[in-house]
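Open the structure in your viewer and keep the selection panel at hand. The stops below say what to select next and what is there.

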Amino acid sequence: MVVTKVDLGGLKMATPVATASGTFGYGFEYAGALDYSSLGAVTAKGIRLDPWPGNAMPRHAEVPGGLVNAIGLQGTGIEHFLDITVPHYMAQIPDAPPMIVNIWGGSVDEYAEVARRLNEAAATAECAAIRAIECNVSCPNVKEGGHTFGQDPAVLNRLVSAVRAKTTLPLIVKLAPNVPDVRPYVKACEDGGADALSMINTIPAMVIDIERRRPVLANVTGGLSGRGIHPAAVKLVYDAHRATKLPILAMGGVYEAKDAIEFLLAGATAVAVGTATFSDPSAAQKVLAGIVEYCERHGFSSVSDLVGALA
Amino acid sequence: MVDAAARVAGHEDIGSGYRRLIFEAPEMAASMRPGQFVHVRVPALEASALRRPFSVFDAADGRVTVLYKTVGRGTAALNSVRAGDTVCVLGPLGRGFPESCEGVALLVGGGYGVAPLHFLARALKAAGHGDIVAFIGGRTSNDLLAVDRFRALGVDVRLATNDGSAGAKGLVTDPLDDELARLRDAGRRFELFACGPDPMLKAVAMRAVGTGAKGWISMDRHMICGVGACYACIQKTVRGNSRCCVEGPVFRADDLVWE
């Protein structure tokens with residue numbers, strides 16, 4: 001019997017497999033399409049203080065090996081999220097897996113306020129599923145003084161510290177992949193009091209309709225996800241793991257167990273399935289089954305023994 | 001909602017690039033309602049490819065039937081599916097049409113947009129609603145689908161083609177406008193139900209709003225998840241950015257905001 005439980009910076013996960021933000025709605029949308037007991041956590045779609053309309057259409061383009069999206073973080077705001085969405089998730093999903101809430105904002109203060117509200121709500125029975133915060137510092141829509149929060153270690157440190165001050169929930173920081181060296185950002189998160197890192201976010205990308213000579217996305221640019229980004233993500237997880245003791249939630253092109261096991265061996269503590277869910281809603285379930293089978297075959301008694309276990 | 005590994009019971013070319021695909025999916029067929037759709041994993045595409053949404057032509061006797069036109073990479077790859085193959089089908093998805101109607105039910109369809117209207121006509125008839133007129137349009141007579149199936153249900157069918165090769169020459173809204181005038185003169189109530197290309201849908205929605213009648217408009221959008229999780233298939237409505245896959249695909253005509 002392989003032990004599947006892992007501890008992601010204080011977030012107790014029954015399995016090392018989560019869903020990635022933006023690909024699994026608010027947790028309940030796929031009810032009926034997979035076995036939720038295979039999920040160590042679900043990650044809710046990015047939420048901010050106030051409602052946000054997102055980008056104009058078209059919002060996505062299918063490309064070989066993946067998907068380019070520019071949804072633009074459409075959401076109803078924290079109040080509706082706490083009053084309606086989280087209770088609905090808990091009512092719809094029996095034994096609902098812990099929820100990681102992905103947050104974003106236009107300012108450090110806004111992030112901090114959202115974190116404070118989540119911290120407060122997580123202590124109530126209605127929102128008890130909330131178990132961790134994932135701070136999104138790497139969406140192209142999130143800017144401060146012309147710089148994305150995740151593109152300047154000093155700004156990142158200030159943000160993480162401010163959020164940390166407002167919450168005792170496990171704090172995960174989702175890093176940008178498009179930096180020359182991930183280590184200063186990892187250190188900024190460590191020094192700011194983060195409990196874990198998640199990586200990678202989508203890679204900035206663009207698709208052009210050559211017949212119309214126009215960008216396909218209304219937003220012009222978007223983020224690339226899916227199979228094609230997986231090796232790049234493995235490399236970044238490997239780099240980050242060597243630079244820190246913080247546990248890592250790895251995502252980027254996990255379609256099957258092999259992809260997840262690569263992440264674990266590169267140093268991730270847990271993995272998230274994202275774009276794969278769109279083609280196969282039960283992809284996460286199959287990934288977990290494959291990880292367990294791998295552990296049995298290779299004589300690992302616990303999934304956590306795989307973390308960073310490159311020979 | 002289930003993700004069924006469905007056996008393909010039939011797949012035929014019905015001419016002019018249109019095909020009919022039949023899945024054996026008893027649980028899904030039993031709960032499918034008119035206007036809902038299925039999200040299909042196309043076997044011949046790479047495993048990571050997105051699913052393709054199809055509205056349902058009929059669901060009965062454990063089988064779900066869709067009509068589609070080969071328009072892109074996904075539908076072209078779907079052509080290679082054979083009877084006996086297994087295909088992953090997610091459904092039922094979305095909000096369909098209401099299955100009751102005050103007055104005459106006016107169904108307006110273009111191309112493969114007739115598919116959900118056929119399922120609706122059958123449901124309305126089964127509910128004892130006799131007064132149904134279907135307006136079926138297309139570029140040529142080859143684009144008029146399932147006309148016999150509507151007639152077999154006892155539906156009054158009016159046709160229109162752009163080139164005049166069948167029915168009235170012009171837009172499907174031409175015979176619709178004639179009927180609207182007759183109903184107005186007779187003081188009769190009606191509701192509009194539409195599925196087809198956007199310009200046709202807008203024209204029908206405008207007529208619903210203009211006459212104060214109820215209009216039910218089925219929107220066709222590219223989708224990613226099909227279940228409301230990704231927020232890619234946005235339709236602007238009076239409530240803001242609505243998801244076509246769960247808040248639609250059938251919207252009230254007076255909720256829609258046209259760009």
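What percentage of the 259 residues of chain B count as buried? The figure is 51%; a residue is buried if 20 or more other C-beta atoms, placed from the backbone, lie within 10 Å of its own, exposed if 12 or fewer, and partly exposed in between.

Before the tour, some ground rules. This is a predicted model, in which local features need pLDDT of at least 70, side-chain atom pairs count only at pLDDT 80 or more, and totals for chains, interfaces and linings use all residues. Residues are numbered from 1 along each chain as its sequence is written, while chains are lettered from A and ligands numbered from 1 in the order in which they are written.

**Stop 1: all of chain B**

Select chain B. Its secondary structure comes to six helices and 15 strands. Helices (H or I, at least four residues) and strands (E, at least two) are DSSP runs, numbered from the N terminus. The radius of gyration, taken over C-alpha atoms, is 18 Å. The globule rule (2.2 Å times the number of residues to the power 0.38) also gives 18 Å for 259 residues, so chain B is as compact as a globular protein of that length. Along its principal axes the C-alpha trace spans about 55 × 40 × 35 Å.

Now consider contacts: two residues are in contact if their C-beta atoms, placed from the backbone, lie within 7 Å. Among contacts in chain B between residues at least 6 apart in sequence, 63% join residues at least 24 apart.

**Stop 2: two domains of chain B**

Colour 2–93 as domain 1 and 104–255 as domain 2. Such bounds come from an automatic or database domain assignment. The two centres, taken over C-alpha atoms, are separated by 22 Å. Across the boundary, 21 residues of domain 1 are in contact with 21 residues of domain 2.

Select the domain 1 side of this boundary. Elements giving two or more residues to it are β3 (37–40), β4 (52–60), β5 (63–69) and β6 (86–93) of chain B. β4(B) gives the most, with six residues. By class, this side has 13 nonpolar, five polar and three charged residues. Here Ala, Val, Leu, Ile, Met, Phe, Trp, Tyr, Cys and Pro count as nonpolar, Asp, Glu, Lys and Arg as charged, and the others, Gly among them, as polar.

**Stop 3**

Two strands pair if DSSP finds at least two bridges between them. Select β1(B) and β2(B) (residues 18–24): seven bridges join them, and they run antiparallel. B:Gly10 has B:Ile22 as its bridge partner in β2(B). The hairpin has two residues between the strands, and B:Ser16 takes a positive phi near 55 degrees there.

Find B:Phe23, which stands opposite B:Val64 in β5(B).

**Stop 4: the seven-stranded sheet of chain B**

This open sheet has the order β10-β9-β8-β7-β11-β12-β15, with mixed pairing. Its edge strands are β10 (168–169) and β15 (250–252), each pairing on one side only. Select β7 (residues 104–110) and β8 (residues 132–138) of chain B: six bridges join them, and they run parallel. B:Leu106 has B:Val133 as its bridge partner in β8(B).

Show helix α3 (residues 114–126) of chain B. It packs on the sheet, touching β7, β8, β11 (190–195) and β12 (214–218), and its direction makes about 160 degrees with that of β7(B). Then show helix α5 (residues 173–186) of chain B. It touches β7, β8, β9 (156–161), β10 and β11, at about 170 degrees to β7(B). Axes are lines fitted to C-alpha atoms, for helices over the stretch in contact, and angles run from 0 to 180 degrees between N-to-C directions.

**Stop 5: where the chains meet**

Show both chains. The contact takes 22 residues from chain B and 28 residues from chain A. On the side of chain B, the elements giving two or more residues are β1 (2–15) and β14 (240–243). That side has 14 nonpolar, five polar and three charged residues.

**Stop 6: chain A**

Select the open sheet of four strands, ordered β5-β6-β16-β13, with antiparallel pairing. β5 (60–63) and β13 (203–206) of chain A stand at the edges with a single partner strand each, so one side of each is left without a neighbour in the sheet. The twist averages 35 degrees from one strand to the next.

Finish at A:Pro98, in the loop between α1 (78–92) and β7 (99–103) of chain A. Is A:Pro98 buried or exposed? A:Pro98 is buried, with 21 other C-beta atoms within 10 Å.
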